[in-house]
Amino acid sequence: MKENLNQSNISGWGGYPIKKANVIYPENIKQILVEVKKRNLIARGNGRAYGDSSINENKTINMKYFNHIISFDDSFGILVVESGVLLEDIIKTFLPRGWFPYVTPGSKFVTVGGLIAADVHGKNHHKEGSFGNFIEWFEIINSKGEIIKCSKTENTELFKWTIGGMGLTGIIIKAAIKLRPIQTSWIKQKTLVAKNIDQTFEIFENNMNATYSVAWINSTKTKDNIGQSLIMLGEHASIEDLDKKNIKNHLEIKSKKNKIIPFYFPDWFLNKNLIKLFNSIYYFFGKNTSKEKLVYWDDYFYPLDKILEWNKIYGRKGFVQYQCVFPLKKSKDGIIELLMEIDNSSVSSFLSVLKRFGDQESNFSFPMKGYTIALDFPVSKETFDLLEKLDDITLKYEGRFYLAKDARMKKEIFKKSDKRIQEFINYRNQNNFDEDFQSSQSSRLEL
Amino acid sequence: MKNKNVLILGALSDIAKSIAQKYGENGYNLHLAARKIDDLELHSTDLKIRYNVNVHIYEFDLLKTETHKDFIKNLKEIPSILICAIGLLGQQKDGENDLELRTKVIRTNYEGPLNIISDFANIYENQGYGTIVGISSVAGDRGKASNYIYGSAKAGFTVFLSGLRNRLAKKNVHVLTVLPGTVYTKMTLGMKLPKLLTSSPDKVANDIYDAVNKKKDIIYTMKIWRLIMFIIRCIPERIFKNKSF
Ligand SMILES: Cc1cc2nc3c(=O)[nH]c(=O)nc-3n(C[C@H](O)[C@H](O)[C@H](O)COP(=O)(O)OP(=O)(O)OC[C@H]3O[C@@H](n4cnc5c(N)ncnc54)[C@H](O)[C@@H]3O)c2cc1C
Ligand SMILES: NC(=O)c1ccc[n+]([C@@H]2O[C@H](COP(=O)([O-])OP(=O)(O)OC[C@H]3O[C@@H](n4cnc5c(N)ncnc54)[C@H](OP(=O)(O)O)[C@@H]3O)[C@@H](O)[C@H]2O)c1
C-alpha cells in the first residue's frame, strides 16, 4: 500500500519559518504505532501555533484523520473525542444542545490535541484557569508504542508534563473534556474605556468576577496615554437577557459565509502609518459605540475567524507573534517598558491584546498569575531586532514566553526565563522522549 | 413512499466522508459500506452523535463480487439514493508493467462499479424510483500519458452511467454522473495540484447534494472543469500526442 507520505513546505499560522517536512497522515492507531517506533517526530494539529511548534522536518504526524467524536455524556457534559477534532466541530455539534467549551483561544480552528499540548488560555483565565483544568483524561502514545491513559489519578507525571508540553511527551490520541452548560449562544458584552495604563489595570482588577475580560490596546498612544485601551467584559447571556427576536432560536448557529483573503498582500502593506491609522479608527468607534450589548458567540470569541487566511495581509514573508506574561507585581512596569520600546522602533503591532491571568499550577504551561500581552509584527530585520530587545525586557521583569507564539527565540533567553525548563528537559531525558518527540522549535531551544 | 436514506459505497473515502456529513446534516439515515469495518465503526459513532441520525455499517469489498448478493440482502432497507465513491488511481508507471495492478485499477473503477450499480438499477427500476450517483472523473474525458489506465476505466464508467440514464429516464430513476477535477484527498496526497482549480471534499459533497436535489444529469466539480475539458477535447490528436501533461 502507498505510504501516506508527503514532502511539503509547511509553517505555523504566522507563515514563518517555512520548512520542508515529511508529512504523514495516519488513518488509524496502527499506522501511528508504526511511525512512532521509528522515532524523531512531532504531532501536528491544525497548524495554528504561530511558529515552528508542530513541524519536524524528519516526520510530522498530521492528526487530520483523528477527527471522530466518540461519546458525550449529557448529564455531566463530558465529551470524548479523538485529538484531531476541531473546536469548531465541537461547537457546531454541542452548542445547539446547550454546551460550550470552558476555555477557548481566539480561533475555533484548533484541535483538541493542540489545546492540550499548549494548555491554551482564554479570556477567562483569571477566573477559571486554562484548558488543562477541564481535561478528565487522555490517551497518549509513547515511543515504545504503548497507549497510556493519563488523568489526575492515573499516570499523573505524564499527565502533568503533557498538558502544556507542546507535543514533546508523545502523541495524544483521544481525550475526555468537560463542557460548560449554557442557556443561549449570546454573550452580554460591556465595553469600558481606559485612557491610560493605570486605568486599564484598575478596570481589570475591579472586574475579577467577570467571566471574560480582555483589553485591546491602542498602540498609537505614548507618554501619558500609553496603555490606552478598550476593555471588553463578557458573560454568557441567559434566556431572560435576550430580546424577543432571538429568544425563539436562543441556541441557534447562524449559517454565515466567511470571507477569504484570496492573495498575499505586498510586504509593505502593513506599515507603521497604516497600523496607527487602523488603531485610531478602531479606538474612536469602540469608545463611541454602546457600552452594553448582546454579541453573537462567533463574533465575540472568534472575530478573526470570519476572514479566512487573514494571515496573508502580512505578505509572503509572514508575521510573528510575541506573547509573554509578567508576575502580577511587575506587570505594569514590564508592559509600559515593552510599549515604549516598540514605539521607539520602526515597526508597530497591528493587534495588541492584554489579559489578566489568575493562579495556575502546572509543570510546564505558560500562564502564571499576572498580565499577559500579545503583539504581532510583520517579519523583517527590524522586527527581529526589536524582539530581542523585548526579550530582554521580559527577562528583566521576570516574565515568561508562550511557545505557541514563538518562532525565533534564542535558547539562552528561553532557558533563563523559567526554572521549570530544566526540569522538563530532565524529564524528557529520563524517558528518552528527547530523541523521540522533537519539533523544529524544541531543537532550536534545545528542550 | 420514498424514504430519507442514502447508501454510500466506499464510505471511508475522503469525498464520501464529506458526503455522509452533508446528508447527515440534512437528516438522512446513513448506510455506509467499506472494507475497513473497524474504522467504519468509529466513523459511524461520530456521525450518530453529530447529526442524531441512524447509521448502519456494512463490510463491503467491491471486487469480491461473490459477496454482493448477500450484501444487498443484508441491507436494513433499500435506500432510495445510492452513491458510489470507490476509486483507485494506482501508479500509472507501475501499471504499465504490472498486469495485476492495472487489472485492479480497471476493475475498481469500471467493472466493479458497473456490476454493483447494475444490481441496484434493477431494484430501482422495479420499484419505480431511486437515485444513482456515480463518481467518475475528468480523467475519463481524454486519455493522457500520466494516468490513462485509470482514465480509460473512468471513461468506461462515464459511458456506462450515460447509457444507464438513457435506459432509466423513463422509469423515474435519476442517474447522476459526477466528474470531479482535482480534489485534495488521500488519493492525490503528495501530488502537485493547481491550487485554484483544486476543490475540497466538502465542496464536492455540496455540489453532489445540490445536483441530486435538482436532478442534474452530469456535473463537473469545480464547474470550470467543464470548460477546461471542453478545450482539452478540442485539441487535435496530432498536436495532443506530442504534448506532455
Ligand atoms: C487567531 C489565533 C488566536 C489564538 N488565540 C489564542 C489564545 O487566546 N490563547 C491561547 O492560549 N492560544 C491562542 N492561539 C494559539 C493556539 O490556540 C495554539 O497554538 C493551539 O495549540 C493550536 O492548536 P492546533 O491544533 O492548530 O495545533 P498545532 O499548531 O498544530 O500544534 C501546536 C502544538 O500542539 C502539539 N500537538 C498538536 N496535536 C497534538 C497531539 N495530537 N498530540 C500531542 N501534541 C499535539 C504540537 O506538537 C505543537 O507543539 C491562537 C492562535 C490563532 C491562530
Ligand atoms: N481526489 C481527486 O482528485 C479525484 C478526482 C476525480 C475523481 N475522483 C474520484 O472520487 C472518488 C473518491 O475518491 P477520493 O478522492 O475520496 O479518494 P480516496 O479517499 O482514496 O477514496 C477511494 C476509496 O475507494 C475505496 N476502495 C478502493 N478499492 C475498494 C474496493 N475494492 N472495495 C471497497 N472500497 C474500495 C478505498 O477504500 P479503503 O479506505 O479501504 O482503501 C477508499 O476509501 C473516486 O472514485 C475517485 O476516483 C477523485
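Okay, so domain bounds here come from an automatic or database domain assignment. With that, chain A splits into domain 1 (69-183) and domain 2 (186-409). This is a predicted model, where local features need pLDDT of at least 70 and side-chain atom pairs count only at pLDDT 80 or more, while totals for chains, interfaces and linings use all residues. Residues are numbered from 1 along each chain as its sequence is written, chains are lettered from A and ligands numbered from 1 in the order in which they are written, and side-chain values use heavy atoms, with hydrogens and water left out.

Now, the two domains of chain A. Taken over C-alpha atoms, their centres sit 24 Å apart. If contact means heavy atoms within 4.5 Å, then 35 residues of domain 1 and 38 residues of domain 2 take part.

How much area do domain 1 and domain 2 of chain A bury between them? About 3200 Å², with 59% of it on carbon and sulfur atoms. Buried area, by the way, is the accessible area (1.4 Å probe) that two parts lose on being put together, summed over both. On the domain 1 side, A:Lys123, A:His126 and A:Gln183 lose the most, together 26% of what that side buries.

Next, salt bridges: a side-chain nitrogen of Lys or Arg within 4 Å of a carboxyl oxygen of Asp or Glu. The rule finds 2 across this interface. Elsewhere on my list, A:Lys108 forms a salt bridge with A:Asp298, their closest N and O atoms being 3.0 Å apart.
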